[in-house]
Amino acid sequence: MLISFNDKLPRRRVYVRKQLRYVLVALAFIAISLFIGTAGYMGFAHLSLTDAFLNASMILGGMGPVDVLTNAPAKWFASFYALYSGVALLTIVAAMLAPTIHRLLHILHLDQREKN
């Protein structure tokens, strides 16, 4: 459903439904990203499931790795996963904020139209 700024402000129920949908998409993106990171750490760094998940979670959250990586393939994977995670974090935050920002802009636009 495409909403124009010239239309009336949609009901709060529409906004909440859209927000929930965007949050679910962001959570799915987080789950996929954690799966990729955990599988990579298990495959390249030969870490246990728990340690691989911990490292993937810490990098995806922007904190940095926990375990010391001893081989070159693991270091290459960690480097590329860290770069991916930086972009993924920004994408996730943008997806979660998009409906709220859209609604705020719509409200501000309606206020401007009423002043003119």
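Buried residues have under 20% relative accessible area, exposed ones have over 50%, and partly exposed ones fall in between (1.4 Å probe, protein chains only). This is a predicted model, where local features need pLDDT of at least 70 and side-chain atom pairs count only at pLDDT 80 or more, while totals for chains, interfaces and linings use all residues. Residues are numbered from 1 along each chain as its sequence is written, and side-chain values use heavy atoms, with hydrogens and water left out.

**View 1. Gly 43 sits in helix 1.** Gly 43 counts as partly exposed because its relative accessibility is 46%. Look across to Ala 74: the two C-alpha atoms are separated by 8.3 Å, although the residues are 31 apart along the chain.

View 2. Helices (H or I, at least four residues) and strands (E, at least two) are DSSP runs, numbered from the N terminus. Read from that end, the order is α-α-α. Out of 116 residues, 27% count as buried. Contact means heavy atoms within 4.5 Å. Take the contacts with a separation of 6 or more: 67% of them link residues 24 or more positions apart.

**View 3. The largest nonpolar core has 14 residues.** A nonpolar core is a set of buried Ala, Val, Leu, Ile, Met, Phe, Trp, Tyr and Cys residues joined through side-chain atoms within 4.5 Å. Tyr 41, Ala 45, Leu 47, Ala 56, Leu 60, Leu 69 and Tyr 81 are the ones that touch the most other members. Helix 1 (12–44), helix 2 (49–60) and helix 3 each bring at least two residues to this core, and the largest share, five residues, comes from helix 3. Now pick out Leu 47: skipping its neighbours within four places in sequence, Leu 47 is in contact with Tyr 41, Met 42, Ala 52, Asn 55 and Asp 67.

**View 4. Six rings, those of Phe 29, Tyr 41, Phe 44, Phe 77, Tyr 81 and Tyr 84, form one aromatic cluster.** Rings of Phe, Tyr and Trp (its six-membered ring) pair if their centres lie within 6.5 Å; planes under 30 degrees apart are stacked, over 60 edge-to-face, and the rest tilted. By this rule there are seven aromatic pairs. Tyr 41 and Tyr 81 make an edge-to-face pair, because their ring centres are 6.5 Å apart and their planes are at 85°. Tyr 41 lies in helix 1 and Tyr 81 in helix 3, so this pair ties together parts 40 residues apart in sequence. Tyr 41 is buried at 1% relative accessibility, and Tyr 81 is buried too, at 2%.

**View 5. Phe 44 and Phe 77 are a stacked pair.** Their ring centres are 5.5 Å apart and their planes are at 25°, so they count as stacked. Phe 44 is in helix 1 and Phe 77 in helix 3, so the pair ties together parts 33 residues apart in sequence. Phe 44 counts as partly exposed at 39% relative accessibility, whereas Phe 77 is buried at 15%.

**View 6. Leu 108 has its place in helix 3 (residues 72–115).**
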